Amino acid sequence: MTQDLLPITRIPRTGLPPHAVVVGDPARAAAVAALLDGAEEVSYHREYRVFSGSWKGLPVVVASHGVGGPGAILLFQELADAGVRTILRFGTAGAMRPGIRDGDLVIAEAAVRDDGVTQQLLPPEYPAVAAPEAVLALQRAAREQGAPHHRGFVWTRAAFQPGLIPLPSYDGAGLAAIEMELSALLVTASLRGLTAGGVLVIDGANADELVDEKATGGYNPHREVVAAGVERGSVVSLEALRLLAEGEAL
């Protein structure tokens, strides 16, 4: 019955496993879900495609949230309403620090809140910080999978393409990557008492270079090196969930 479904994502109000991996692309949600045992599609409404299944015996949810913080936060909130307690975001990002290569993973420790939505919910001083145990679980999973990885702060920014307003300068601040949804998840998790973190596959250079076609040939995330990183990151995300569920993050 419709009253048993949450209004935005149309996921069930009850019955979902408490551990989830969230991604932007509905097709990527299907690809990650294909790694699960007994995967079933739970719902598919707008950009929100949701699967359930099990990873090495752990029941998990895999869900897509679309592009951008304002829409993504609706999924995060409704997953929490439905009883999900641990959420790891697995996404793509642009590198912002030398030495981080295409296909590498970046494990987020915290995020700059330039997401276009949390500024309307909380004062700007409120932090967007990953749960330490999520960071450690992702790092351990990446190490065990042999996936090249880095830890650091990321910049969550609502605008994908720069406009007429100059971008803030984070030169010298040590940011590792730029993406579009993670800070919305981390803030939601802090407000709702969830465990949350994020791991990102690098699919290009930093924001300024992405639009400099003479320097890079243009932004192209559909390359083999990125696809290989996505395959590694899918397993790392699921394995990190297992480590968290079994208390093996440290």
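**Backbone, strands and charges**

Guide: R10 is partly exposed, at a relative accessible area of 24%. Keep in mind that this is a predicted model.

Visitor: What is phi of R10, a residue other than glycine?

Guide: R10 sits in the segment before β1. Its side is partly exposed because the relative accessible area, 24%, falls between the cut-offs of 20% and 50%. The phi value is positive although R10 is not a glycine. Phi of R10 is near 65°.

Visitor: K56 also has a positive phi. Is K56 buried or exposed?

Guide: K56 is not a glycine, and its phi is about 50°. The residue lies in the loop between β3 (48-55) and β4 (58-64). Its relative accessibility is 53%, and the cut-off is over 50%, so K56 counts as exposed.

Visitor: How many residues of strand β5 are buried?

Guide: Strand β5 spans residues 86-95 and is mostly covered. T86 is found in this strand. T86 has a relative accessible area of 9%, under the 20% cut-off, so T86 is buried. For β5 the count of buried residues is 9 of 10.

Visitor: Which residues does T86 touch, leaving out those up to four places away in sequence?

Guide: T86 is buried, with a relative accessible area of 9%. Its contacts are P18, H19, A20, T195, L241 and L244.

Visitor: How many bridges join β5 to strand β9?

Guide: Strand β9 covers residues 195-204 and runs parallel to β5. Within this pairing, F90 stands opposite V199. The bridges between β5 and β9 come to 9.

Visitor: Which residue in β5 stands opposite V21?

Guide: Strand β1 (residues 19-23) and β5 run parallel. The two are joined by 4 bridges. The residue opposite V21 is L88.

Visitor: Do β5 and β8 pair in the parallel or antiparallel sense?

Guide: Strand β8 spans residues 177-179 and pairs with β5 over 2 bridges. A95 has A177 in β8 as its bridge partner. The sense of the β5 and β8 pairing is antiparallel.

Visitor: What arc do the buried residues of helix α1 cover?

Guide: In α1 (residues 26-33), the buried residues are P26, R28, A29, V32 and A33. They lie on the same side of α1 because the arc they cover around the axis is only 155°.

Visitor: Which elements do those buried residues of α1 pack against?

Guide: An α-helix has 3.6 residues a turn, so residues three or four places apart point the same way. The buried residues of α1 pack against β1, β2 (37-45), β3, β4, β5 and α7.

Visitor: Which residue caps the N-terminal end of α1?

Guide: A side-chain oxygen lies 3.0 Å from the backbone nitrogen of A27. The residue that supplies this oxygen is D25.

Visitor: How far apart in sequence are the parts tied together by D102 and R223?

Guide: D102 and R223 form a salt bridge, with the closest N and O atoms 2.7 Å apart. D102 lies in the loop between β5 and β6 (105-114), and R223 in the loop between α6 (213-216) and α7, so the parts tied together are 121 residues apart.

Visitor: Which residue forms a salt bridge with E109?

Guide: E109 is partly exposed, at 25% relative accessible area. The closest N and O atoms of the pair are 2.8 Å apart. The partner is R151.

Technical notes. Residues are numbered from 1 along each chain as its sequence is written. This is a predicted model: local features need pLDDT of at least 70, side-chain atom pairs count only at pLDDT 80 or more; totals for chains, interfaces and linings use all residues. Side-chain values use heavy atoms; hydrogens and water are left out. Buried means under 20% relative accessible area, exposed over 50%, partly exposed in between (1.4 Å probe, protein chains only). Two strands pair if DSSP finds at least two bridges between them. Contact means heavy atoms within 4.5 Å. The arc is that of the directions from the helix axis to the C-beta atoms. A polar contact is a pair of N or O atoms within 3.5 Å; within protein, one must be able to donate a hydrogen and the other to accept it, and residues adjacent in sequence count only if both atoms are side-chain atoms. A salt bridge is a side-chain nitrogen of Lys or Arg within 4 Å of a carboxyl oxygen of Asp or Glu.
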